[in-house]
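Subject: A structure for you to explore

Hi,

Here is the structure I promised to pass on. Have a look around it first, and then read on for what turned up.

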Amino acid sequence: MIYTVLSYVSDTTCLAFIIIILIALYFRSRQPTNLPPSPGAALPIIGHLYMLEKNPRKQFKQWSEKYGDVFTLQMGPQRTIFVNTYEAMKEAFIKKGDYFSDRQNDNFLAKHIPQFTNGVILASGADWKAQRTTSLAILRNFGMGKNILAEKITEEISYFIRELAKANGKPRDIRYLTNMSVSNVICSIIFGKRFHYDDPKFQKQIELFTEVVKTNTGVLLLNFFPSLYYLPFDLFKGRQLMKLYSEVLSHTSHMVEEIQKSYDPENLDNYIFAYIDAMKKEKLSGESCYLSEVNLERNIDSLFIAGSETTSTSILWCLLYMLNYPETQKNMYDELLEHVGTERTPQLADKSKLTYLTAFIMEVQRKSSIAPISFPHLCTENVTLAGYAIPKGTLVMPNIDAVHGSKEIWGDPDNFRPQRFLDEQKRIIKREEFIPFFIGRRICLGESLATMELFLFLSTLIQKFEFLPASSDKVPPLSDTWGLVCAPEPYEIRCVERTK
Ligand code: HEM
């Protein structure tokens, strides 16, 4: 039979076939032998993709328990490693940070949207350093971690509370409203003003950025198989994402244009003015110019994408944990009554006293790990990690979820126990393995802002409202959705004013 088939195949085809096999064997033999282990056979073309569940979070955790420091998944043609232990993370992202801090800039999205590699989240090398240093300096100048910004946040919370009170304690899904309120904090930094919740431009912005986070997760497959983009009916949502991005580009550009009209070098009271000022100084200095209008606009997108959904999702998780563990809500309210009372709103200065509340937020961040595999990094040289060879071009996922769920570190990681962050004198215990904002050079740029926001939102909310499930016999479960940011499944909540 085989001879019959072969007789129909031309010599050229046979030769081509043999050459392909030889090339494959050649490349295989050139691969280092001590690559990190993988959880099963990588099939031709699709690699390990066939093994992944729709929500692979549990699988990633199980594989990290089985394989330790690092494991490999072949995502189609893209070799990807997961860094699972705190020690391996320190080795990769701190000790060998030179090789593990870039982003992948030649993937599907970058090819179709050239601006995709601009801005602090996605840029690499010297360009990224310039965007990061400038943005951080501006945020610090505006009081990130200090009282000036805390006042703006407190003002925003007062609008949020008024809006929540309108439901009169009836069940309501507050996801959209929370996102708006948190986005408004970033608006006040970037544009120097907040927006009314019913402002159509503001609503458009929230919709666009929420959609970007959602769709981005869905189209990851296109990064591994770019030709899927050309299939009919936009099966892999590539064209939908392109359209969305062009809307984001024109929306941001329009907003910047509007604000720029009132540029005043004597009064740099927003991110846009401060960046323009830094851009001018860079040009005058004659040094290499990384600060540009394109980068300004993409930095704005970065700050909205990285700073809104993450913080508002964390607030939603905190409320959901309160519904599931009502005694924690009571403890936090009692602590507030003791140290703040009901006559004034909580301030940053109260944080050193409200340690149970602080520990509660930390425990929610540990348990929910809203960015479970952080954000993809690129390995830029052939290096070793935890004794394994990591070839240049490997995609690197920091498995924050595995560190937050490690039995060796936490003892009983599956239990929800805010007390684990408190010592006997009820002082906060700082554990270096608590890494919701990641570690190393790419550590979250907005960590201080996010920590301030979570403290001020939660303390004020608990002071003003009692949070209850939609019906007392049906507490919404602590189940999550999968994505770059893992939010809880939608749920309704009753916000009952305490004064009533
Ligand atoms: C609870 C809220 C937040 C969490 C859990 C969080 C988490 C993270 C994590 C894990 C990363 C690292 C990604 C990596 O591996 O490269 C990151 C990066 C980043 N975050 Fe946050 N974040 C939060 C809030 C914010 C806020 C409020 C801002 C902005 C004002 C912000 C801005 C950024 C930026 C710009 C980056 C990219 C940094 C870079 O690539 O150099 N984040 N965040």
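Let me start with a question: is the crossing of H8 and H20 left-handed or right-handed? Keep in mind that this is a predicted model.

The crossing of these two helices, H8 and H20, is right-handed. To find them, look for residues 147-165, which form helix H8, and residues 447-464, which form helix H20. Their axes come within 10 Å and cross at roughly 40°. On the H8 side, the contact is made by Leu149, Ala150, Ile153, Thr154, Ile157, Phe160, Ile161 and Leu164. H20 brings Leu449, Met452, Glu453, Leu456, Phe457, Thr460, Leu461 and Lys464. Sorted by class, the residues of this contact are 12 nonpolar, 2 polar and 2 charged.

Next comes helix H14 (residues 293-307), which packs with helix H9 (residues 175-190) at an angle of about 155°. The axes of H9 and H14 are 10 Å apart. An angle over 145 degrees counts as roughly antiparallel, and H9 and H14 are therefore described that way. Their crossing is right-handed. Val182, Ser183, Ile186, Cys187 and Ile190 of H9 meet Ile300, Leu303, Phe304 and Gly307 of H14. This contact has 7 nonpolar residues, 2 polar ones and no charged ones.

H14 also packs with helix H12 (residues 238-260), here at an angle of about 110° and again with the axes 10 Å apart. That makes H12 roughly perpendicular to H14. From H12, the contact uses Val248, Leu249, Thr252, Ser253, Val256 and Gln260. From H14, it uses Glu293, Leu296, Glu297, Arg298, Ile300 and Asp301. The classes here are 5 nonpolar, 3 polar and 4 charged. If you click on Ile300 of H14, you will find it in the contact with H9 and also in the contact with H12.

Now for the ligand. How many residues surround it? There are 26, and the closest are Arg132, Ser374, His377, Arg442 and Cys444. By class, this shell divides into 14 nonpolar, 8 polar and 4 charged residues. At least two residues of the shell come from each of these helices: H7 (125-141), H14, H15 (309-324) and H20.

- Arg132: an N or O atom of its side chain is 2.7 Å from an oxygen atom of the ligand.
- His377: here the distance from a side-chain N or O atom to a ligand oxygen is 2.8 Å.
- Arg442: a side-chain N or O atom lies 2.8 Å from an oxygen of the ligand.

Enjoy exploring!

Best wishes

Notes: Residues are numbered from 1 along each chain as its sequence is written. This is a predicted model: local features need pLDDT of at least 70, side-chain atom pairs count only at pLDDT 80 or more; totals for chains, interfaces and linings use all residues. Side-chain values use heavy atoms; hydrogens and water are left out. Axes are lines fitted to C-alpha atoms, for helices over the stretch in contact, and angles run from 0 to 180 degrees between N-to-C directions. Helices (H or I, at least four residues) and strands (E, at least two) are DSSP runs, numbered from the N terminus. Angles under 35 degrees count as roughly parallel, over 145 as roughly antiparallel, 65 to 115 as roughly perpendicular and the rest as oblique. A crossing is left-handed if the near helix is turned anticlockwise from the far one by less than a right angle, and right-handed if clockwise. Contact means heavy atoms within 4.5 Å. Ala, Val, Leu, Ile, Met, Phe, Trp, Tyr, Cys and Pro count as nonpolar, Asp, Glu, Lys and Arg as charged, and the others, Gly among them, as polar. A residue is near a molecule or strand if one of its heavy atoms lies within 4 Å of it. A polar contact is a pair of N or O atoms within 3.5 Å; within protein, one must be able to donate a hydrogen and the other to accept it, and residues adjacent in sequence count only if both atoms are side-chain atoms.
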